[in-house]
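Me: Could you walk me through this one? I'd like to begin with the core and then go on to the strands.

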Amino acid sequence: ENLGIGRKVGNLTGSVFFGAHRASSQKLATSSGGSINWSPHNKLQIYVGLEDQSVTPNQAQLSSPDIRIQAFGFDYFTGKTSRYIRLVGGNPALRSGRTSALNLRVMIKPLPSDSVSLTHTFRQIRSKGAITPLPSLTPEIENAFPDRIKRDFFGDLLMVDARPINLGIELNKSLASNIAYRTSLGKKAGW
């Protein structure tokens, strides 16, 4: 007997995934997530997706040899261009991190025809322990990583250790809205 549940719920689909991989001499990296796509009516579609993945340092980020490069750059502390040593290479102290993402999307077709659609999308990405080279030198970066910046007695810049680092927690959010209009141009072919 047909209870009519499908008509009441609408079109509902979902998916789940899990993956793992290990490159030579690296830690196991995992990823997982899932999504639900629900269309309770042909004029409304709602999507929710979650993703989570581990971020592991690669061999180059861990064990590249240290290289000292002569560099020139503006020093915010002294207010002048300075010549200094920029240290690049690997960082064996790097740890694995995690990145999680939440995606929400709502699409509405407000008119009787499907010629106009409104889409609103929200995305949030939370990273903990992301791996990145030391960002460009600013007062904020120097205050956050004082052990990575070496100065002489007079405050002149001597060295910037730009080897990769793990960041703390980073949260990015975005909201986007679109309006789409579809129409056909010209006459339809009379076949």
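**Core and strands**

Reply: The largest nonpolar core is made up of 11 residues in all, namely A71, Y84, L134, L137, I141, F145, I149, L157, V160, A162 and I165. A nonpolar core here is a set of buried Ala, Val, Leu, Ile, Met, Phe, Trp, Tyr and Cys residues joined through side-chain atoms within 4.5 Å, where buried means under 20% relative accessible area, exposed over 50% and partly exposed in between, with a 1.4 Å probe and protein chains only. This is a predicted model, in which local features need pLDDT of at least 70 and side-chain atom pairs count only at pLDDT 80 or more, while totals for chains, interfaces and linings use all residues. Residues are numbered from 1 along each chain as its sequence is written, and side-chain values use heavy atoms, with hydrogens and water left out.

Me: What is A71 in contact with, leaving aside its neighbours within four places in sequence?
Reply: With those neighbours set aside, A71 is in contact with S82, R83, Y84 and R86, contact meaning heavy atoms within 4.5 Å.

Me: And D75, buried or exposed?
Reply: D75 counts as buried because its relative accessibility is 1%. The residue lies in strand β4, residues 67-75, strands being DSSP runs of E with at least two residues, numbered from the N terminus. The D75 side chain reaches the backbone nitrogen of F77 at 3.0 Å, and beyond four places in sequence D75 is in contact with K80, S82, R151, G155 and L157.

Me: Changing topic, in what order do the strands of the open sheet come?
Reply: The order is β1-β2-β3-β6-β7-β12, which makes 6 strands with antiparallel pairing; two strands pair if DSSP finds at least two bridges between them. β1 (11-21) and β12 stand at the edges with a single partner strand each, so one side of each is left without a neighbour in the sheet.

Me: How many bridges join β3 to β6?
Reply: There are 12 bridges between strand β3 (residues 44-55) and strand β6 (residues 97-108), and these strands run antiparallel. I46 stands opposite V106 in β6.

Me: What does T121 touch in all this?
Reply: T121 is found in strand β7, residues 116-128, and beyond four places in sequence it is in contact with L104, R105, S174, L175 and A176. The C-alpha atoms of T121 and R105 are separated by 4.4 Å, although the two are 16 residues apart along the chain.

Me: Which strand holds N172?
Reply: N172 is in strand β12, residues 169-181, and counts as partly exposed because its relative accessibility is 40%. Not counting residues up to four places away in sequence, N172 touches R123, Q124 and I125.

Notes: Helix = DSSP H or I, 4+ residues; strand = E, 2+ residues; numbered from the N terminus. Polar contact = N/O pair within 3.5 Å; in protein donor to acceptor, adjacent residues only side chain to side chain.
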